[in-house]
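Dear colleague,

I am handing over the structure below, and after it I set out what was found there. Please read the notes with the model open beside them.

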Amino acid sequence: MTDTWPGAPRVTADLRAMRLFTVFSLGLGMLVGGVVQLVLGAGTATGVRAVTLTVATIAAVLVGLATIPLLLRAPDEATPGHLLVLVLLALSGAVWVLAVLPPFAGWGWAFTLAMAGGVLSCLVRGWWRAAVILGSWAAIGLGGLLGVLARPQAAAVAWRAEAGAEAVVISTLALFTLLPLSAVWVQQVVWRLEHARRLASDLAVAKERLRFATDLHDIQGHNLQVIALKSELAERLLPGQPERAGREIAEIRRIAQVALDDTRAVVNDYRTVTVAAEARNAAAVLRSAGIRCTAHIGTPDLPVALGAVFAVAIREAVTNVLRHSRATEATIALVRVAAEYRLTVTNNVAGVPRPDGTGLAGLAQRVAARRGTVETAREDDTFTLTVRIPVPAADTPGSAPQEPTRPPRRRGTRR
């Protein structure tokens, strides 16, 4: 997915800069460690041993530089068993073993082993990191201790005189073991945060697509159902009542235009539904289908946001009445009862519920976002849909109150 939010270019540039800085710091640490090892080890070994230690140190530094790209991979892609890592461990371990063999060549030859331990700690997970760090320190400490103890008496006296300098070297070795892990760990944390940001962005896109699909279903599902119903009615009326059939066709054209306008409004995200107007339209649609319907909206202070939810509920309920029942009577009532708004839609001659329907499930999700509930009940042949939404804590209406309808005269309802 392409990032389009305003800060994306800056974040991408910062990540690249941080990656380059991490590469630079790791590479510089490898080179400095190798140079310090050669400087401190100069003159401590002679002959073939000195040449072998020098060549192995240079090789270990080069291999260490080659492992840096491995450390910058995603956490799940880098493995501690990579060939370069194994070669680095073998070379640095051989250098330290050769330096420890009597006569002890000094602590300075342990820098490559410290760096190898740091590289390995970057590639393992969890408590293994601590185990690798402690293991590297143990290998350096025990090896150096064995080398010191194997020194002749005169050399031991001279070493005690230089104990302060040796302590500085040992402390530096401990820091060199931690340097790769500290740099790479920060890089991995930033990588995870960036991955989480991208995932959140993808989820936001998916959520918006789902919202758009739900809105489109709510609008077009209802309108297309009405168009299909009126088309069937016009087809039946055309042979014997052409004038009435013409009025139905004109109504179909009007509904199609409304559906087109609603679709454009959804795309532009400025569609605001008036629950009273929705109730009037629903009642008119039901009456045109031969269903006697009464509608009463008794909530003049209903907030606009809640009105949009109740309008969707009315549209879904009317669609279900037309699609899944053979109703002859229906009622729509929205009132405020104590601390909640309550919508009740009833119809007789209810059909068999469809378990695979998505309309009520989508409505339930919308209502749940407002801490409300959707309930259905069937008694004899009467089906009732009840939607309850608590009154907002502030109880402040929206930018415009909902337009109430005049309470209709009550009619007898067959139960």
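A114 counts as buried, at 0% relative accessibility, where buried means under 20% relative accessible area, exposed over 50% and partly exposed in between, with a 1.4 Å probe and protein chains only. This residue lies in helix α5; helices (H or I, at least four residues) and strands (E, at least two) are DSSP runs, numbered from the N terminus. Leaving aside residues up to four places away in sequence, A114 touches I140, L173, F176 and T177, a contact being heavy atoms within 4.5 Å. Between A114 and L173 there are 6.1 Å from C-alpha to C-alpha, although the two are 59 residues apart in sequence.

Before going further, please note that this is a predicted model, in which local features need pLDDT of at least 70 and side-chain atom pairs count only at pLDDT 80 or more, while totals for chains, interfaces and linings use all residues. Residues are numbered from 1 along each chain as its sequence is written, and side-chain values use heavy atoms, with hydrogens and water left out.

As to the overall make-up, the protein chain has 12 helices and 5 strands, and buried residues make up 40% of its 415 residues. Of the contacts in the protein chain between residues at least 6 apart in sequence, 76% join residues at least 24 apart.

To return to helix α5 (residues 111-123), it packs with helix α6 (residues 127-149) at an angle of about 170 degrees, the axes being 8 Å apart; axes are lines fitted to C-alpha atoms, for helices over the stretch in contact, and angles run from 0 to 180 degrees between N-to-C directions. That angle makes α5 roughly antiparallel to α6, since angles under 35 degrees count as roughly parallel, over 145 as roughly antiparallel, 65 to 115 as roughly perpendicular and the rest as oblique. On the α5 side the contact involves L113, A114, G117, L120, S121 and C122, which meet R129, V132, I133, S136, A139 and I140 in α6. Sorted by class, this contact has 8 nonpolar, 3 polar and 1 charged residues, with Ala, Val, Leu, Ile, Met, Phe, Trp, Tyr, Cys and Pro counted as nonpolar, Asp, Glu, Lys and Arg as charged, and the others, Gly among them, as polar.

C122 is buried at 1% relative accessibility, and C293 is likewise buried, with a relative accessible area of 1%. The structure holds 0 disulfides, a disulfide being a pair of cysteine sulfur atoms within 2.5 Å.

The salt bridges come to 9 in number, each being a side-chain nitrogen of Lys or Arg within 4 Å of a carboxyl oxygen of Asp or Glu. In one of them the side chains of E278 and R315 meet at 3.1 Å, N to O, and this pair links helix α10 (residues 275-288), which holds E278, to helix α11 (residues 304-324), which holds R315, across 37 residues. Both E278 and R315 are buried.

Another salt bridge joins E329 to R292, with the closest N and O atoms 2.3 Å apart. E329 lies in strand β2 (residues 329-337) and R292 in strand β1 (residues 292-297), so the pair ties together parts that are 37 residues apart in sequence. E329 is buried at 9% relative accessibility, whereas R292 is partly exposed at 45%.

Finally, E340 and R342 form a salt bridge of 2.7 Å, N to O, and E340, R342, E375 and R388 are linked in a network of salt bridges. Here E340 counts as buried at 19% relative accessibility, while R342 is partly exposed at 25%.
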